[in-house]
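Student: I am new to this structure. Please take me closely through the place where the two chains meet, and then show me how the rest is arranged around it.

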Number of protein chains: 2
Amino acid sequence: MTVIKAALLGFGTVGEGVYTAIQTHQSHLKKILGAEVEIVAILIRDKNKERLVDSKIRVTTDFQEIINIPDLHVIFEAIVGEEPGHTYLQQAIDKGIHVITANKVMFSKHGEQLIERSQKENVKIGFEATTAGGVPIIRTIQQLLQVNQIKKIQGILNGTSNFILTEMRNRKLCFEDALELAQEKGYAEADPTNDISGKDAFCKLMILSQLVFGEQPNWNEVEIEGITSITQEQIAEAEKRGQRFKHIAEITRVGNAIKASIQPIIVDTDHSLYPIEGVDNAIAIEASLVGKITLQGPGAGKLPTASAMIEDFVYIFQQAPIQEKILEYQSL
Amino acid sequence: MTVIKAALLGFGTVGEGVYTAIQTHQSHLKKILGAEVEIVAILIRDKNKERLVDSKIRVTTDFQEIINIPDLHVIFEAIVGEEPGHTYLQQAIDKGIHVITANKVMFSKHGEQLIERSQKENVKIGFEATTAGGVPIIRTIQQLLQVNQIKKIQGILNGTSNFILTEMRNRKLCFEDALELAQEKGYAEADPTNDISGKDAFCKLMILSQLVFGEQPNWNEVEIEGITSITQEQIAEAEKRGQRFKHIAEITRVGNAIKASIQPIIVDTDHSLYPIEGVDNAIAIEASLVGKITLQGPGAGKLPTASAMIEDFVYIFQQAPIQEKILEYQSL
């Protein structure tokens, strides 16, 4: 029996979700991969925090301890921020370890370079979880691109902002009260800046740009406007006209240039993103042959994001050459 | 340079779409597959109808001529109805030829048996185009199933019926006038029975059942109700209450039984399928980890359906073992 050895970097909401999903899906994973999946190590930041994990798992604050595990096959990265995630993944790739990341801030900036590096080293990178959580947008775009040119993408890529706009309309709240409600429900962080300013959606849009167009626009030229200045009155006025405010990230190719923006837009009932409510994310793709496809679902959350990472994991390890690699490892 | 040799069965709307998409995407397909794609033969029914195809392509009414082409790698089947499609695909599989089908009537009945047969013969079957046209529902479900249990699916699987219901509401038409409009626009056939009775949606729902639950309910126990008895008055009444009629195909597992139905349902604004209008299809999937995901897009049409078939094609020929098989063929 072969064993796939995995390590988790980060044990916050997403890391814990991956841990739980793997532990509870052991027999299922064994069936589809023909191998046991063993979590051998977890990288944490705070040694003193109590964690309920299997005592056989090495729990450490030292990444070098993890990277030096001799037969490690894959790393799940669920750390927040550009560093140390980027450095860790570079090291993992150079060691021939596959990586699966949920880190959008890091991947929007370093994704291209990491993918190039991984191709050289013949390892795989999964990044389905970086954009729109459990919505399988990355693989869908990859599939469509096989025979379609994608002309334009419009998305609601931040669930917090969409929840706030939805509740400002539904409950007739001002921005501050709707934000407080989002925080009470755990949909917004204590410091919500990244979400409500459009920065979070920006990172995801840059990842989509790289995937769809093979490049990103100049970051300084992307128009980014958050939702903080929208008033309850504006929303009520729009509603009277049958319209809604939506915070829309949009990317399109105009000639040789890529035009990207993230801003509140007033949409009519016939707009693909008009019906997207609450914390849901959605992406509308305009493709040359297929026409317009819209995907909608939970854009964040412990289990949806974990599901996306494990879908990547299965995809990577179902590829025949890598299966052989595991067999090679086992026979060493 | 390797060559992938393909044949088309049927040269109606979908067959022509596949032909056009392959001819116009030659250099792109060559890049991603590392092989030329050559359409070597087309099976037609009517010899006297004029067709604009490359003169090097063998156009024939005799399937045996096609199946006996010695190094044929793949067949695109776009024939309507159970036979002769089923017999042809069986023969193809037995000869080690991969098959890609858009034939939902045939596949809803014989899909399981064809898949079993193909596994024995080590060939692949693509059937993305059988259900919801260009919406990548089959692959998305396959991906989700890797780590999710799917509990329930609700879908608008017939664009004609959805168009009729939409226009009865929007233009305040009776059923007959809305059907006529659909026929004028090419969205309904001269004999629209299959679409408006729910039979077409039934076939697609059975394909989804097989995929999601590994089995189908007893066909006689599936409740099928079409849209023909819905009146303009009922639709107007619902609209006053902020509700809409949608023709919904639903499948769910209740204990050990699979419960399936296709019927008009009055839905509120917060229902996932409420905003689906016109000829679009949509499928809402409830999965254990990911939660609820909805996919929406064109459920039929020449190019969307062709796109789905070519996505299958690329998926099949990107699998390493099959690539080797082509190389083997070439070296014979």
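Tutor: Thr294(A) has Gln296(B), in strand 12 of chain B, as its bridge partner. Strand 12 of chain A and strand 12 of chain B, residues 291-298, run antiparallel and pair over 3 bridges. Two strands count as paired if DSSP finds at least two bridges between them. Strands are DSSP runs of E with at least two residues, helices are runs of H or I with at least four, and both are numbered from the N terminus. The model is a predicted one, in which local features need pLDDT of at least 70, side-chain atom pairs count only at pLDDT 80 or more, and totals for chains, interfaces and linings use all residues. Residues are numbered from 1 along each chain as its sequence is written, while chains are lettered from A and ligands numbered from 1 in the order in which they are written.

Within the chain B part, strand 9 (residues 244-254) and strand 10 (residues 257-267) are antiparallel and share 11 bridges. There, Ile251(B) stands opposite Ala260(B) of strand 10 of chain B. Strands of a sheet pair through backbone hydrogen bonds, either parallel or antiparallel.

Back at the meeting place, the contact takes 32 residues from chain A and 32 residues from chain B. Two residues are in contact if their C-beta atoms, placed from the backbone, lie within 7 Å. On the side of chain A that touches chain B, the elements giving two or more residues are helix 6 (137-145), strand 12 (291-298), helix 12 (302-318) and helix 13 (320-331). Strand 12 of chain A gives the largest share of that side, 8 residues. By type, the residues of this side of chain A are 18 nonpolar, 11 polar and 3 charged. Here Ala, Val, Leu, Ile, Met, Phe, Trp, Tyr, Cys and Pro count as nonpolar, Asp, Glu, Lys and Arg as charged, and the others, Gly among them, as polar.

The same surface serves both copies, as 100% of the contact residues of chain A recur in chain B.

Chain A itself is divided into domain 1 (2-133 + 303-331) and domain 2 (137-299), with bounds from an automatic or database domain assignment. The centres of these two domains of chain A, taken over C-alpha atoms, are 29 Å apart. In chain A, 13 residues of domain 1 are in contact with 14 residues of domain 2. Helix 5 (residues 104-121) of chain A provides 6 residues, the largest share of the domain 1 side. That side of domain 1 of chain A divides into 5 nonpolar, 5 polar and 3 charged residues.

Next come the cores. The largest nonpolar core has 170 residues, and those with the most contacts inside it are Leu8(A), Val18(A), Leu8(B) and Val18(B). Such a core is a set of buried Ala, Val, Leu, Ile, Met, Phe, Trp, Tyr and Cys residues joined through C-beta atoms within 7 Å. A residue is buried if 20 or more other C-beta atoms, placed from the backbone, lie within 10 Å of its own, exposed if 12 or fewer do, and partly exposed in between. Leaving aside residues up to four places away in sequence, Leu8(B) touches residues including Val18(B), Ile39(B) and Phe76(B). A second, separate core of 16 residues includes Leu179(A) and Tyr187(A).

Last, one backbone detail: a cis peptide bond joins Glu83(A) and Pro84(A), with omega about 10°. Pro84(A) is in the loop between strand 4 (74-77) and helix 4 (85-94) of chain A.
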